[in-house]
Amino acid sequence: MRRTMRVVSMLLAGALAFVGVKAGAQQEIIFGISAKPGSLQQLTAAEFTRRANERLAGRAEVKLFDSAQIGKDKELMQKLKLGTVHIALPSSIMSSVADEFGLFDMPFLVQDRAHLGRIEEALFWSDIAPAAEAKGYEVLAVWENGVRHITNNARPIMTPADLDGVKLRTPKSKWRVIMFKSWGANPTPMAFSEVFVALQTGVIDGQENPYTNIWSAKFAEVQKYLSVTGHVYSPAYPTAGKAAFEKLPADVREVLRSTAREMAEWARVEGAAADDDLKSKLAGAGMEVNVADRAAFVEASRPIYEQFASEVPAGKALIDRALSLSN
């Protein structure tokens with residue numbers, strides 16, 4: 001009996017010593033993203049990490065893992081819930097978390113970066129972010145993924161008819177799939193990290209992304225045509241798992257929130273500055289560039305708006321309010 005008590009005492013002492021070490025250790029904030037180095041999302045995440053660590057001043061440290069090193073977007077969203085990752089940077093996949101985020105998948109809805117800023121201020125935090133919170137996530141800010149365009153190896157895309165039969169990678173977004181189906185393409189949801197090889201081997205014909213992602217992922221090496229459509233302006237959302245985030249010290253949470261919000265304007269300025277340069281670089285890398293017929297795509301998009309308005313609670317109100325902020 002005495003021996004048993006001694007063993008228990010030793011185990012308890014060891015456990016307490018372990019807890020003491022952990023309690024005194026610096027808190028690591030794991031930030032996982034799927035974007036590659038050089039993309040706007042990665043550059044924004046890196047600048048956020050630098051600024052946050054400077055302000056945390058040793059109380060905690062943000063550690064950034066890019067290029068899907070610790071998981072693709074879907075896996076990262078699961079890890080946020082588990083608390084094994086503290087922050088991720090989902091973009092289009094958020095419409096799979098909550099339908100309200102599909103507003104940003106409505107083609108040609110966001111006119112420019114200033115318009116996105118007005119949408120964020122007027123309705124994002126009041127009407128869209130709470131939908132993610134109800135699913136166990138906390139959105140910290142609205143950053144930029146960028147204005148999306150189409151690349152492929154079949155033909156230049158001038159009108160929706162040119163997409164007929166084109167096997168096109170999309171993010172895992174219900175509304176992006178609906179969009180391209182309605183335009184005649186064969187949309188194929190796929191993780192971004194898998195796209196280069198799929199294009200290289202001919203598993204898919206093309207994809208759609210902002211210039212920054214097309215360039216950083218080296219798609220010019222495996223794609224012939226770049227069609228400037230500007231069909232969607234997609235935000236990116238630095239996001240935490242709500243339960244795990246609330247376990248962080250209050251002062252650490254405040255630094256992460258305030259720094260994330262501060263980075264929103266930085267991302268939009270950097271994104272705007274880079275667009276023309278990246279387009280020229282892609283042309284210089286051998287891609288054939290054409291400007292699509294915007295009016296033809298806008299006309300073909302009306303049924304998508306109607307479906308969103310009918311399927312998503314308050315969908316019509318969200319569309320109407322967002323469009324009212326365009327001027």
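## Strand β9

Strand β9 (residues 225–228) is covered on both faces: Tyr 225 and Ser 227 are buried on one side, and Leu 226 and Val 228 are buried on the other. Buried means under 20% relative accessible area, with a 1.4 Å probe and protein chains only. Strands are DSSP runs (E, at least two residues) and helices likewise (H or I, at least four), numbered from the N terminus. In a regular strand, side chains alternate between the two faces of the sheet.

The model is predicted: local features need pLDDT of at least 70, side-chain atom pairs count only at pLDDT 80 or more, and totals for chains, interfaces and linings use all residues. Residues are numbered from 1 along each chain as its sequence is written, and side-chain values use heavy atoms, leaving out hydrogens and water.

## Pairing of β9

Strand β5 (residues 143–152) runs antiparallel to β9 and is joined to it by three bridges; pairing requires at least two DSSP bridges between two strands. Ile 150 stands opposite Ser 227.

Strand β12 (residues 288–291) pairs with β9 in the parallel sense, over four bridges. Here Val 228 has Val 291 as its bridge partner.

## Nonpolar cores

A nonpolar core is a set of buried Ala, Val, Leu, Ile, Met, Phe, Trp, Tyr and Cys residues joined through side-chain atoms within 4.5 Å. The largest has 51 residues, of which Phe 101, Leu 103, Leu 109 and Phe 124 touch the most other members. Elements that each supply at least two residues to this core include α3 (73–82), β4 (137–139) and α13 (315–324). Helix α5 gives the most, with eight residues.

Another core, of 25 residues, lies apart from this one; among its members are Ile 29, Ala 45, Ala 60 and Phe 245.

Definitions and conventions. Buried < 20%, exposed > 50% of the residue type's maximum accessible area, 1.4 Å probe, protein only.
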